[in-house]
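My notes follow the order in which I went through them.

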Amino acid sequence: MGLEFGLDTFGDITRDPDGEPLTAAQTIRNIVEQAELADRVGIDFFGVGEHHRKEFAVSAPEMVLAAIASRTERIRLGTAVTVLSSDDPVRVYERFATLDALSGGRAEVVLGRGSFTESFPLFGFDLRDYEALFEEKLELFVELVKEKPVTWSGTMRPALVDADVFPKTENGLRTWVGVGGSPESVVRVARHGLGLMLAIIGGPAARFAPFVELYHRSIAAFGTAEHPIAVHSPGHIAETDEEAWDAAYSGFEAMNNTIGKERGWPVYSRARFQNDVGPAGAIYSGSPERVAQKIADTVRTLGIGRFDLKYATGTLGHEQLMRSIELYGTEVIPRVRDLLK
């Protein structure tokens, strides 16, 4: 399988040309339009995140992905990520198997613990069980995607005895696990023989090289199936560096300061943003040439099989996002392929 390129969105509530926030409903309709464009310009994958807070419009990504499936032809569809810890593995499997049927075999799922915790109290889970919930539910999900009757028991949900789950997929369900930088998480992904999705949202990509090496070593030690490694990182593309940076900064500032108030982060600054878009930062923003060079460097450094650009952050408007998607598909991706020849 050759190098793949994807796009991810968390469904950030954006603003209209007058600076007024859009409704969540309009934001969701815009996401479908953005995915249609991604399909037309040849992007391989489109991922929609799951959140349960006012800054994001999408709490049920499978519903949005089903709408996208009916209006696209070839692009693969999945999440970024599904918060498995506060969901039921059986229902997650059933929803994605249904999406796979609707899309003609284009569904995949990215599982994770989630960087936000609102879903835990919302669905009646105790945050003290944060680690145990994910570990146990991931074990069950791995059994479910084998698509055979499952006998399983744990402590976080009722046991299953010879349970058969429907519908079956026609060619299996591609499954990744999102990892933010914990060695234990990397080893767990390898132990289950799943795809590793590295969420690189700070610092240089090179600092994740030890995790790539650890994944390969662990796969060999466990004797499990090896899959391509993917990277998910934020960015924005425009005709020039300055245009891209000026457009993107306000969105990154708004999102970082909103979340930062809850987590004790320092106030976001333009100086920090400019560092993040540089070679040592994790934001892939600028002209098509600059972004292509940075992606190519990341591919070379980590030996990855897919790069997913989180193209929407904060209040960036729909038309700006559409242009970023167009440039990513028509200029950045071909240029990366040329650089890597």
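Predicted model: local features only at pLDDT ≥ 70, side-chain atom pairs only at ≥ 80, totals over all residues.

## Notebook: strands, a helix, charges, backbone

Residues are numbered from 1 along each chain as its sequence is written, and side-chain values use heavy atoms, with hydrogens and water left out.

My helices (H or I, at least four residues) and strands (E, at least two) are DSSP runs, numbered from the N terminus. I call two strands paired if DSSP finds at least two bridges between them. Strand β2 (residues 45–48) and strand β3 (residues 76–79) run parallel, joined by 4 bridges. To get from β2 to β3 the chain passes through helix α2 (residues 61–69), and this β-α-β crossover is right-handed. Right-handed here means that, with the strands pointing away from the viewer, the path from the first strand over the helix to the second runs clockwise.

I then checked strand β1 (residues 4–9): it is parallel to β2, again with 4 bridges. Glycine 6 has phenylalanine 45 as its bridge partner in β2. With helix α1 (residues 24–40) between them, β1 and β2 make a right-handed β-α-β unit.

Which way do the β2 residues point? Phe45 and Gly47 go one way, Phe46 and Val48 the other, and all are buried. I use buried for under 20% relative accessible area, exposed for over 50%, and partly exposed for in between (1.4 Å probe, protein chains only).

I tested its length. The 14 residues of α7 (residues 209–222) should span 20 Å at 1.5 Å a residue, and the end C-alpha atoms are 20 Å apart, so the two agree. The expected span is 1.5 Å times one less than the number of residues.

Buried in α7 I found Phe211, Val212, Leu214, Tyr215, Ser218 and Ile219. Looking down the axis, the buried residues fall within an arc of 160°, so they line one face of the helix; the arc is that of the directions from the helix axis to the C-beta atoms. Turned away from that buried side, the other face carries the exposed residues Ala220 and Ala221. What do the buried residues pack against? They pack against α6 (183–192), β9 (195–199) and α10 (288–302), where contact means heavy atoms within 4.5 Å. Just after α7, glycine 223 takes a positive phi of about 70°.

My rule is a side-chain nitrogen of Lys or Arg within 4 Å of a carboxyl oxygen of Asp or Glu. How many salt bridges does this rule give? The count comes to 30.

- Arginine 74 and aspartate 44 have their closest N and O atoms 3.4 Å apart. Arginine 74 is in the loop between α2 and β3, aspartate 44 in the loop between α1 and β2, 30 residues apart. At 39% relative accessibility, arginine 74 is partly exposed.
- Glutamate 108 and arginine 174 have their closest N and O atoms 3.5 Å apart. Glutamate 108 is in strand β5 (residues 108–112) and arginine 174 in strand β8 (residues 174–179), so the pair ties together parts that are 66 residues apart in sequence. Glutamate 108 is buried, at 0% relative accessibility.
- Arginine 113 and glutamate 131 have their closest N and O atoms 2.7 Å apart. Arginine 113 is in the loop between β5 and α4 (119–122), glutamate 131 in helix α5 (residues 130–144), 18 residues apart. Glutamate 131 is partly exposed at 44%.

I also noted one network, in which salt bridges that share partners join Glu4, Arg76, Glu108, Arg174, Arg306 and Asp308.

Most residues other than glycine have a negative phi, and most peptide bonds are trans. The bond from alanine 80 to valine 81 is cis, with omega near 5°, and valine 81 sits in the loop between β3 and β4 (82–83). The bond from phenylalanine 166 to proline 167 is cis as well, with omega near 0°.

Glutamate 147 has a positive phi, near 60°, and is buried at 18% relative accessible area. Aspartate 162 has a positive phi near 50°, lies in strand β7, and is exposed at 54%.
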